[in-house]
Amino acid sequence: MADSQALLGARFGIDLPGTEVPDAVAPLIDRRVARRYTDQDVPDSLLDALLAAAQSAPAKSDLQQYSVVVMRDRPRIKQIADWIGTMDWIATAPVFLVWCGDMRRGQRLCALHDMPHANNNMDTFLNTAVDCTLAMGAFMAGAEAIGLGTCPISYVRSHIERVSPLLGLPSGVYPVAGLSVGWPQFRRPVSMRLPPSVVVHRERYDDSALETEVAAYDQRRNARDPVAAAGLKNNDVYPPRDGVGWSENVARQLSVPERFGFSTYLKTKGFDLA
Ligand SMILES: Cc1cc2nc3c(=O)[nH]c(=O)nc-3n(C[C@H](O)[C@H](O)[C@H](O)COP(=O)(O)O)c2cc1C
């Protein structure tokens, strides 16, 4: 049996007496992203097995409304890293995957069978994103189980007008996230999460204790891993200062619009979002 309290203590910074972590679940609690990879390649046979695991994830109504673009060409991966500008380590990844929501395939299947596609709406957009994310999550879990490191990259959406043509994404297909994949140069520390009492609601939603719970979480997090100056969000809007906690940093990030042109982009890609 895994050392439950050690695993949970690393993840949450608190004791969770009574929670017992089965061995098979332990790696999921011990996981972390990996940024920066060795020169060792990822063989196609292994990559294809992980992609098969990704395709084994559940999909809404079995519609399978997502696609993934596999990038192995180093200069093309570097091109994405260069566009992003602040994540040079992406260029060390031997594999870069771009996970895409895909409404196009369903539209083509309707055309193939001489039927209209009558579901170009917000629900389909959400379903494409959910299918895609579940597949990416299954890929990540499989990759990490055999020692590979991964990191999702939402920043591909910050440069969507260049990433989309680079990958030849047609109408009805949009990137949800990139995923860098490689053998990690090092293992980062586990990132402390909000306590389950904040995230897990029993029978009814209840966030009445949010302020006190988050204040304690900020303190725990800062005691172990204070927000670094480089990690402070939107320094140009809010003066940098010492002692910023996780919750204030979240507010610093969420108070400034991010990728607010995304729905406009989706509309140019044929999504009605109605
Ligand atoms: C949808 C999504 C997008 C992300 N985008 C980025 C990104 O663009 N760059 C990056 O360095 N990390 C990115 N991450 C990784 C998160 O920053 C990371 O998961 C978080 O800091 C917690 O660390 P942990 O996964 O090691 O627990 C992303 C994660 C997710 C789920």
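The model is predicted. The chain is assigned two stretches, domain 1 (29-186) and domain 2 (214-274). Helices α3 and α6 cross at roughly 135°.

**Helices α3 and α6**

- Helix α3 covers residues 44-55 and helix α6 covers residues 122-145; their axes come within 7 Å and cross at roughly 135°.
- Because of that angle, α3 counts as oblique to α6.
- The crossing in which α3 passes α6 is right-handed.
- On the α3 side, the contact is made by L50, L51, A53, A54 and Q55.
- On the α6 side, the contact is made by A135, M136, A138, F139, G142 and A143.
- The contact of α3 with α6 has 9 nonpolar and 2 polar residues, and no charged residues.

**Domains 1 and 2**

- In the domain assignment of the chain, domain 1 runs over 29-186 and domain 2 over 214-274.
- The centres of the two domains, taken over C-alpha atoms, are separated by 23 Å.
- Where the domains touch, 11 residues of domain 1 are in contact with 10 residues of domain 2.
- The side of domain 1 that touches domain 2 has 5 nonpolar, 5 polar and 1 charged residues.

Technical notes:
Residues numbered from 1 in each chain as written. Predicted model: local features only at pLDDT ≥ 70, side-chain atom pairs only at ≥ 80, totals over all residues. Axes fitted to C-alpha atoms, helices over the stretch in contact; angles between N-to-C directions. Helix = DSSP H or I, 4+ residues; strand = E, 2+ residues; numbered from the N terminus. Parallel < 35°, antiparallel > 145°, perpendicular 65-115°, else oblique. Left-handed = near helix turned anticlockwise from the far one by under 90°. Contact = placed C-beta atoms within 7 Å. Nonpolar A, V, L, I, M, F, W, Y, C, P; charged D, E, K, R; others polar. Domains from an automatic or database assignment.
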